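Hi,

Here is the structure I promised to pass along. Have a look at it first, and my notes follow below.

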Amino acid sequence: MTTVTEATFTAFDHQCMARALRLAERGAYTTRPNPMVGCVIASDGEVIGEGWHQRAGEAHAEVLALQAAGDRARGATAYVTLEPCAHTGRTGPCADALVAAGVARVVAAMRDPFPQVDGAGFDRLRAAGIEASSGLMETQARHLNRGYLSRQERGRPWLRVKLATSLDGRTAMANGDSKWISGEASRLDVQHWRARAGAILTGAGTVLADDPSLTVRLGDGTPFEPPLRVVLDPGLATVARGRVREGDAPTLYVHTADAKPPRQIDAQRVVAPAQGSNFDLLAVLQLLAARGINEVQVEAGATLAGAFIAAGLADEILLYVAPVLLGDRARPLFGGLGIDTMAQRTQLEIVDARTIGEDQRLLLRPLAGR
């Protein structure tokens with residue numbers, strides 16, 4: 001397999017891969033735990049087939065694109081956003097399908113770090129005499145599948161902390177009232193971020209104070225797989241109550257080893273290591289990765305949100321800033337960061353900023369080592 005620079009590829013190569021990435025993104029709400037993958041097949045400067053992986057267990061992007069291309073796939077180039085698989089899972093190897101179709105060239109955005117693939121797909125293509133290269137628009141491909149790649153390469157999901165704040169950095173009044181800081185447009189926007197998450201995580205305190213349902217409510221008929229609702233509840237104080245147990249979405253309670261579950265309560269639960277009532281948050285994420293969770297969206301109060309930041313586990317912060325002031329008696333955005341000097345400050349990079357209704361939505365990522 002050959003990894004080459006962007007400059008080696010033609011403008012048409014870029015055009016086809018950009019289209020494949022857009023196709024892949026269509027599976028954002030339905031493919032997990034699988035990655036999002038798109039494929040475009042082209043011949044003589046013309047796109048002759050395309051497809052994207054729509055749901056785990058169903059046909060992969062390459063197979064769908066080959067079906068669309070038919071006999072014209074022979075001698076063509078296949079552009080795919082991730083290395084074609086070389087193993088049999090619930091579907092057959094895509095590398096074999098490309099070989100059987102007689103394509104002459106395969107361009108992938110990136111290698112697949114999944115142990116049963118990880119270069120084997122490229123090896124199978126090259127053994128059949130197919131030109132195989134990767135690296136075209138790899139940065140974009142990695143961003144698209146950042147959750148899947150985090151699970152494969154780091155052994156934990158990608159973690160996003162979602163918060164809504166006033167201009168003066170407050171998330172709720174002193175009595176806990178937080179409805180609503182952000183506007184209706186922002187609350188709808190959050191549903192799309194929830195839909196792409198494999199799990200929505202909160203703490204027992206939020207369940208007791210706010211009684212959230214933590215479900216996806218798109219309202220437009222868009223298909224999605226309901227995310228797992230995860231409640232960090234050391235003593236299982238909330239297991240018998242709350243809207244978080246209602247509806248079709250599954251719920252998982254994470255508790256300490258000495259917790260005593262109430263009788264006659266049938267709830268999905270798992271033990272995680274803890275010191276006192278404080279969980280080992282990395283261990284919690286590793287437990288979720290073992291369940292096939294690629295992305296976790298944290299929707300919790302200042303203490304738990306701050307704990308993930310302080311532990312260096314927050315990969316991005318989704319922050320809705322409303323044009324309101326709540327005053328110095330209102331509750332802060334984060335708690336427990338332990339910052340006493342400017343040298344200890346956590347510096348963030350603004351990845352994206354846009355207006356959502358009356359609010360500003362910021363997507364931020366902590367800068368490494370800061």
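**Overall fold**

The protein chain folds into 10 helices and 19 strands. Its radius of gyration is 23 Å, close to the 21 Å that the globule rule gives for 370 residues, so the chain is as compact as a globular protein of that length. Please keep in mind that this is a predicted model.

The C-alpha trace spans about 70 × 45 × 40 Å along its principal axes. Of the 370 residues, 51% are buried. Among contacts with a separation of 6 or more, 70% join residues 24 or more positions apart.

As for the surface, the chain exposes about 17100 Å², with 49% of that supplied by carbon and sulfur atoms. There are 40 positive and 41 negative side chains, and the centres of the two sets lie 4 Å apart.

**Cysteines**

A disulfide needs two cysteine sulfur atoms within 2.5 Å. The sulfur of Cys94 is too far from its closest cysteine sulfur for a bond, because that sulfur, in Cys85, is 3.6 Å away. For Cys39 the closest cysteine sulfur is in Cys94, at 8.5 Å, again too far for a bond. Cys39 is buried, with a relative accessible area of 0%, and Cys94 is buried with a value of 0% as well.

**Val254**

Val254 sits in strand 11, residues 251–255, and counts as buried at 2% relative accessibility. Leaving aside residues up to four places away in sequence, Val254 touches several residues, including Val230, Leu232, Pro234, Val270 and Phe279. The C-alpha atoms of Val254 and Ala20, 234 residues apart along the chain, are separated by 38 Å.

Best wishes

Note on methods: Residues are numbered from 1 along each chain as its sequence is written. This is a predicted model: local features need pLDDT of at least 70, side-chain atom pairs count only at pLDDT 80 or more; totals for chains, interfaces and linings use all residues. Side-chain values use heavy atoms; hydrogens and water are left out. Buried means under 20% relative accessible area, exposed over 50%, partly exposed in between (1.4 Å probe, protein chains only). Helices (H or I, at least four residues) and strands (E, at least two) are DSSP runs, numbered from the N terminus. Contact means heavy atoms within 4.5 Å. The radius of gyration is taken over C-alpha atoms; the globule rule is 2.2 Å times the number of residues to the power 0.38. Accessible areas come from the Shrake-Rupley method with a 1.4 Å probe; for residues, only the protein chains shown count as cover. Lys and Arg count as positive and Asp and Glu as negative; His and the chain ends are not counted. The place of a charge is taken as NZ of Lys, CZ of Arg, CG of Asp or CD of Glu.
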